[in-house]
Every structure is written in structure tokens, then in C-alpha cells.
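Please look through the sequence and the model displayed here. The briefing that follows takes up the ligand shell, the sheet and the domains in turn.

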Amino acid sequence: MEPKKLPTSTLLMNPNDFAPVQARHLMQCWSSQKGYAPIPVAETRGCWIHTTDGRRIFDLRSAHECINLGFNHPQVLAAMRAQMEKVIYVTDDFATAPTAELCQRLARLAPGGPDKKVFLSQSGAVAVEAAIKAARLYQYNRVFKSSGTPPDIDAPMQYPYPYKIISRYRSWHGSSAGAASASGDPRRWFQEPFNLPGVVFAPDAHAYRSCFGERSEAVQANLDYFDYIIEQEGGSNKVAAVLIEPVVGSNGIIPPPPAYLQGLRALSDKWNLLLIADETMTGMGRTGRLFATEHYGIEPDIIILGKALGVYCPLAATIFSEKVSRSFDDHIFGHGQSFSGHALGCAAAVASLDVLQSEGFLENVRNEGEYLGMRLRELASRHPSVGDVRGLGFFWTLELVKNRATKTPLRRATEKYSPTLVNRLSEFLLREHQVYIPSDKFGLWVVPPLIATRDELDFVLRAIDAALTLADTELATNTVTTPSS
Ligand SMILES: Cc1ncc(COP(=O)(O)O)c(C=O)c1O
């Protein structure tokens with residue numbers, strides 16, 4: 001009998017062949033599929049993607065903020081190689097050194113006391129789901145299991161323990177049903193009307209586009225409204241948790257005004273709510289501190305990490321304070337995932353923490369981040385298309401506006417998927433300057449790998465300068481306002 005002919009492995013394909021194959025068979029995220037034309041990659045090094053046709057492209061989004069240490073960091077690769085030879089994955093009925101070490105280090109390093117517990121998963125969305133579920137179970141345990149009796153309250157209790165999650169409109173927590181339901185981002189509209197119940201949205205704290213005006217009391221007015229929402233939603237009887245990104249990411253890189261997060265911490269305490277900080281994007285040094293919450297001096301009850309945590313492995317963590325984790329000492333933590341505690345991913349994460357905590361590393365991110373901010377403000381002063389510059393560490397954005405005086409945005413939330421000038425600027429940067437920034441709703445992201453050198457930062461700043469000249473011209477000739485243009 002003729003031996004069966006095996007299919008050719010894609011790994012052996014001619015470099016010119018695999019991109020069309022991928023285009024034909026990979027479903028690209030958040031896109032209509034026609035016209036998908038991925039660029040074939042030969043290899044990646046540091047901040048750069050090398051293509052098969054000899055181009056060298058700077059990744060200014062750090063691979064969706066996952067590759068904080070740049071591509072192929074030798075220390076991480078060495079740790080992964082060594083771990084791969086020992087244990088890649090066993091279930092959590094067994095212990096492995098990297099899993100134990102990662103959990104211990106995260107428990108100690110995250111703001112708050114050291115006796116925390118960590119749930120490990122593979123994506124930010126799953127980590128968010130774990131946080132929401134645990135917050136609700138915590139409240140259930142608190143109300144029923146600890147007291148032994150139902151709560152003595154007058155309000156109608158269709159659902160007999162606090163379950164509502166207060167999130168904010170400018171937020172993104174992931175694409176799974178629960179995480180998307182808890183996201184204010186227009187991406188949640190794709191699953192409406194089937195969003196999970198129990199999420200209430202509050203305003204965000206956006207100094208440039210505050211719903212509460214530009215008065216100095218705007219932060220207090222925002223917090224007062226937040227307090228009002230909690231009360232009107234049933235207060236301690238109905239609300240379980242407040243879910244925030246300490247620095248809003250996908251919805252515009254928005255560092256909160258000073259005192260805002262401390263105000264939310266105080267409100268959470270006042271109403272007995274858990275404060276959940278989703279640091280999927282801001283964690284692992286992105287803002288110049290290991291956790292963005294460190295900038296604001298608050299201790300959340302639950303902290304979420306993802307993206308850069310596993311460096312090159314999908315890994316996410318939901319870190320529970322002692323108060324929350326104790327609630328599960330005698331009650332079931334009703335959540336889980338195959339591959340939880342993946343030893344290879346944990347080894348990569350431990351190696352990443354070694355790099356981030358090495359002497360001077362994060363200090364350099366803070367110093368170079370200030371340089372970046374200073375240069376971006378200088379660009380904004382010369383380019384009228386820039387309405388606002390904001391960020392910290394290596395986490396910056398230039399918000400583009402049709403009119404600086406009126407702050408007219410390039411695109412409103414309801415127009416998220418219509419192409420605008422931002423798309424054309426990202427195409428221009430890639431084509432003419434070898435700089436990759438996936439298009440954003442509002443402007444240009446400047447989110448380089450944390451290892452980027454001063455020369456590399458200057459390289460991208462020159463490219464952005466050229467892109468902004470194009471933006472100024474287009475806006476002045478008014479060719480950008482129609483989505484179809
Ligand atoms: C703050 C935040 N949380 C959660 C997520 C979801 O992470 P993942 O895509 O790994 O599920 C994201 C992704 O962009 C995010 O920015």
C-alpha cells in the first residue's frame with residue numbers, strides 16, 4: 001500500500017507563501033476580513049520586526065502592550081529554555097518552582113499586605129471574569145456564610161447579596177461576555193442586547209474631556225456623582241465592586257487627576273465595596289512603576305495583570321488581597337481554567353520581574369518617559385492637529401482634534417469603526433517611516449517597548465513629527481471629516 005502523503009508543514013513554507021495562507025485562514029480580530037494582508041515576518045529583535053522582504057519596522061505599540069521587554073529578551077528566553085526541559089505544565093494539584101515563586105512575588109510586590117493569593121489564567125479577560133466572580137462570591141460569603149443569616153434590610157432583595165459592578169464608560173476589560181459587558185468601550189455593542197446583567201457605568205475622570213467641567217472642583221463633583229450612583233443602585237446591599245483601569249488604556253490613555261483614585265478607594269470603603277484595579281495594560285512597568293496604582297498611593301482589593309506578565313507566553317493574574325482571599329478559606333473559589341499556573345509562562349514572568357526589578361530599570365523608564373513627554377509636548381506646540389498630550393512612563397498618546405479651540409474630536413464613540421485621519425497616519429508611518437502603530441480611535445499612541453534607547457525614541461519622534469505635519473495639512477484643508485473620505 002502507498003504510504004499516505006503527509007500535508008506540508010507551514011513551517012517549511014516558502015517565506016513568500018505563508019502570508020497569503022494566513023490571510024485566507026486566520027480570522028483577524030475586530031476587522032472585516034476582506035483585504036486582510038498580514039506582513040510576513042522573518043524574525044523579531046528588541047523593538048524591531050524584520051520582514052521577509054528586508055524591512056525593519058519599529059513596534060511602537062509593543063505588540064499590543066504585551067512585549068514590554070522587547071522581542072527575544074535573552075534573559076527571558078534562557079529562563080524559558082531551562083524551564084521547558086523540566087516542567088511545562090502540571091495541574092495545581094502539583095507545585096512547581098516558577099509557579100510558586102511568581103505567586104509569592106506578585107503577592108509581595110502588589111500594593112497592600114503580603115498575604116495575598118493569585119489566580120493564574122491566560123488572558124486579561126479571563127482574569128477580569130475571575131475578579132468579578134470572586135467579588136460577588138466574596139459578598140455572598142460576607143452576607144450569608146459569615147453571618148449565617150440573610151441581611152436585615154427593608155429593600156426588596158430579588159438577588160439576595162450585593163452583585164452590581166460599577167465600571168466606567170471609557171474602559172475596556174476584554175472580549176469575553178462578562179468582561180465585555182463590564183466594558184464601556186463600543187466593542188461591547190457587538191454582543192448587545194445580550195450583555196450580562198449587573199453592570200452599571202459611571203463617568204470617567206478625564207481632565208481634557210471632563211463631564212464636570214474644568215473647574216478645580218471637577219474631581220470632587222465626579223466623586224460626588226459616583227457616590228450618588230452607588231447609593232441609587234442600592235449601596236452596600238446591591239453593589240459588590242468598583243472596577244477601574246487605574247490609567248485608562250484602550251479608550252485613550254487617560255491618567256486620572258490626582259486624588260481621584262484615592263477618592264474611589266474611600267468610596268469603596270464607605271460602601272463596603274471591593275475596589276478592582278485592572279492593570280492588564282498598565283502593569284509590568286508600563287507606567288514606570290511595576291503597578292500603575294503605585295503612582296496614586298492606593299491599595300486595591302483585587303489587582304489584575306495580563307499582557308506583558310508572561311512576556312512571550314499568554315499569562316494573566318488576578319491578585320486577591322488577604323481580605324478577599326480569606327473569604328475563600330472555607331468556601332469554594334468557584335472559578336478555574338485549564339492551564340492555570342502554567343509553569344513555562346510563570347518562568348517567563350519571573351524572569352521578566354527580575355529584569356524589571358534590576359537596578360535602575362524602572363527608574364530609566366520614568367526618566368526616559370519624562371523625556372518622551374517633554375518632546376511630545378514640544379511636538380504638540382508646533383502641530384495644531386494635536387489637542388492633548390497625556391501619559392506617563394512609556395505610555396503616551398497624542399489626541400488629535402479637528403479644532404483645538406473647540407476640542408472637536410476626530411471621531412466620536414459612535415464612529416469607532418469609521419476610518420479617519422488616524423488610519424491614514426498609521427499607514428503613512430508604516431509605509432514611509434517603518435513605524436508600526438495600530439490605528440486608534442482618537443490619536444497616535446506612543447507606547448514603545450521599555451527597552452527602547454534614546455536613539456530609538458528620537459527615531460520614532462521624528463516619524464511622528466512628519467505624520468503630524470501631514471495631519472495639520474489634512475485638517476487645514478478639511479479632508480478628514482467625512483468617514484468615507
Ligand atoms: C485593561 C484591559 N483589561 C483586559 C483586557 C483584555 O485582555 P485580553 O485581550 O488578554 O483578554 C485588555 C486588553 O486590551 C485591557 O486593556
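Ala, Val, Leu, Ile, Met, Phe, Trp, Tyr, Cys and Pro count as nonpolar, Asp, Glu, Lys and Arg as charged, and the others, Gly among them, as polar. By that scheme, the shell around the ligand consists of four nonpolar, eight polar and three charged residues. The model is predicted, with local features requiring pLDDT of at least 70, side-chain atom pairs counting only at pLDDT 80 or more, and totals for chains, interfaces and linings using all residues. Residue numbers start from 1 along each chain as its sequence is written.

**Ligand surroundings**

- Among the 15 residues around the ligand, those that come nearest are Ser123, Gly124, Ala125, Gly174 and Thr280; a residue is near if its C-beta atom, placed from the backbone, lies within 6 Å of the molecule.
- Helix H5 (residues 124–146) gives the most to this shell, with three residues; helices (H or I, at least four residues) and strands (E, at least two) are DSSP runs, numbered from the N terminus.

**The sheet**

- Seven strands make up an open sheet of mixed pairing, in the order E4-E10-E9-E8-E7-E5-E6; two strands pair if DSSP finds at least two bridges between them.
- At the edges are strand E4 (117–121) and strand E6 (199–202), each of which pairs on one side only.
- On average, neighbouring strands of this sheet are turned by 20° against each other, direction ignored; axes are lines fitted to C-alpha atoms, for helices over the stretch in contact, and angles run from 0 to 180 degrees between N-to-C directions.
- Strand E9 (residues 302–305) pairs with strand E10 (residues 316–320) in the antiparallel sense over four bridges, and Thr318 in E10 is the bridge partner of Ile304.

**Helices across the strands**

- Helix H7 (residues 218–232) lies across strand E5 (164–168), E6 and strand E7 (239–244), and runs at about 160° to E6; residues are in contact if their C-beta atoms, placed from the backbone, lie within 7 Å.
- Helix H9 (residues 260–270) lies across E7 and strand E8 (274–278), at about 145° to E8.

**Domains and their contact**

- The protein chain is assigned domain 1 (47–72 + 361–476) and domain 2 (79–356), with bounds that come from an automatic or database domain assignment.
- The C-alpha centres of domain 1 and domain 2 are 28 Å apart, and the contact takes 25 residues from domain 1 and 23 residues from domain 2.
- On the side of domain 1 that touches domain 2, helix H2 (62–65), helix H12 (361–382), strand E11 (386–392) and strand E12 (395–403) each give two or more residues.
- H12 gives the most to that side, with five residues.
- The residues of that side divide into 13 nonpolar, six polar and six charged.

Key: Two residues are in contact if their C-beta atoms, placed from the backbone, lie within 7 Å.
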